[in-house]
Amino acid sequence: MRIKFALGALAVLMAAGAVQAQDFKPRIVRFGYGLVEDSNQGRAVRLFAKEVEKATGGKMKVRAIGNAALGSDTQMQQALIGGAQEMMVGSTATLVGIAPQMALWDTPFLINNTREADALLDGPVGDKVRATLEPKGLVGLVYWENGFRNLTNNKNPINRLEDMNGIKLRVMQNNVFLDSFKALGANAVPLPFSELFTALETKAVDGQENPYNTVVSSKFYEVQKYLTVTNHVYSPWIVTVSKKWWDGLSKAEQKVLMDAAKTARDFERKDTRDEAAKALADLKSKGMQVNELPAAEATRMREKLTQVHASVANAVGQDLWKQTQDELAKIRAA
Ligand code: TK8
């Protein structure tokens, strides 16, 4: 009885072993990201790494490399396309030059809350935008949360729209962001994220805009005095894979990466939201002066920013724009 069981178990193990040996090759995955290790991005990449190693019995090893040590978002994107790096997570905004439909996610005030964000990004619209990367040499696996963006600066508190006048504001390297902040009267300067802290520290720029989490993890509170709650846009991150490398993987390996990216996504969104809920109090205690815009001024800002909607619709195509509005209406009614 005992021997029979042991033999049976052995046969099962051998069969599983045979499948595994064939499906998973020893591989090193260089996975780059822009934020520091102690950030929502870093924590999620480390979870992803663990999941992949577990699922492949240690065959696939993920090297999580943060702090833009492999380059800025745009440099890493090019490395993925060329096949010099396997994976990354970063902004969708810097992908617009490669896949114009990504500009959809830069639309100010498109998404009102995280429920809408998850449903839109994980639904047919998110899938359609993601798919536009493949012909460009990138495979977009899933969206993670960067978050709702808010303004910080070192010049003066923003209480009225006019307070934006002449503020030298770093924006992501993307026309929608450039146009949006020009429309608000700021002097918008596109810069890679990896150069941002130094630019703020040396006062090459006066301000920037990013979710609370990043203001905390990147220690922008050390070099920025004022924070204005604007929630002007919800930014996703996207986990991407070099298509050159992806195409050489077995179906089982591809599935492991996709599953791990999803598990890490669910963890990351919760982690980001928990952290964001505490971040404002944290930033105040670190000495930042925080203000909410008076409602009338928020409306004025919103009106200025929604002026860029027509050009986003043009850039991404009217069909996709309409599908997005329809999808959002459905999500809001649900
Ligand atoms: C990190 C960036 C960052 C983004 C930005 O590499 O550039 O401001 O919000 O999260 O992707």
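Reader: Which backbone atom lies 3.4 Å from an oxygen atom of the ligand?
Author: A backbone N or O atom of Ser91. That is a polar contact (N or O atoms within 3.5 Å). The model is predicted: local features need pLDDT of at least 70, side-chain atom pairs 80 or more, while totals for chains, interfaces and linings use all residues. Residues are numbered from 1 along each chain as its sequence is written, and side-chain values use heavy atoms, without hydrogens and water.

Reader: What about the side chains of Arg170 and Trp237?
Author: An N or O atom in the Arg170 side chain is 2.7 Å from a ligand oxygen. For the Trp237 side chain, the distance is 3.0 Å.

Reader: How much of the ligand does the protein cover?
Author: 98% of the 300 Å² of accessible area that the ligand has on its own. Areas are Shrake-Rupley, with a 1.4 Å probe.

Reader: Switching to helix α3. Which residues are buried there?
Author: Asp73, Met76, Gln77, Ala79 and Leu80. Buried means under 20% relative accessible area (1.4 Å probe, protein chains only). The helix is a DSSP run of H or I, at least four residues.

Reader: Why are they on the same side of α3?
Author: Because they cover an arc of only 160° around the axis, taken from the directions from the axis to the C-beta atoms.

Reader: And what follows α3?
Author: Gly83, with a positive phi near 90°.

Reader: Is Phe220 buried or exposed?
Author: Buried, at 1% relative accessible area.

Definitions and conventions
Buried < 20%, exposed > 50% of the residue type's maximum accessible area, 1.4 Å probe, protein only. Helix = DSSP H or I, 4+ residues; strand = E, 2+ residues; numbered from the N terminus. Polar contact = N/O pair within 3.5 Å; in protein donor to acceptor, adjacent residues only side chain to side chain.
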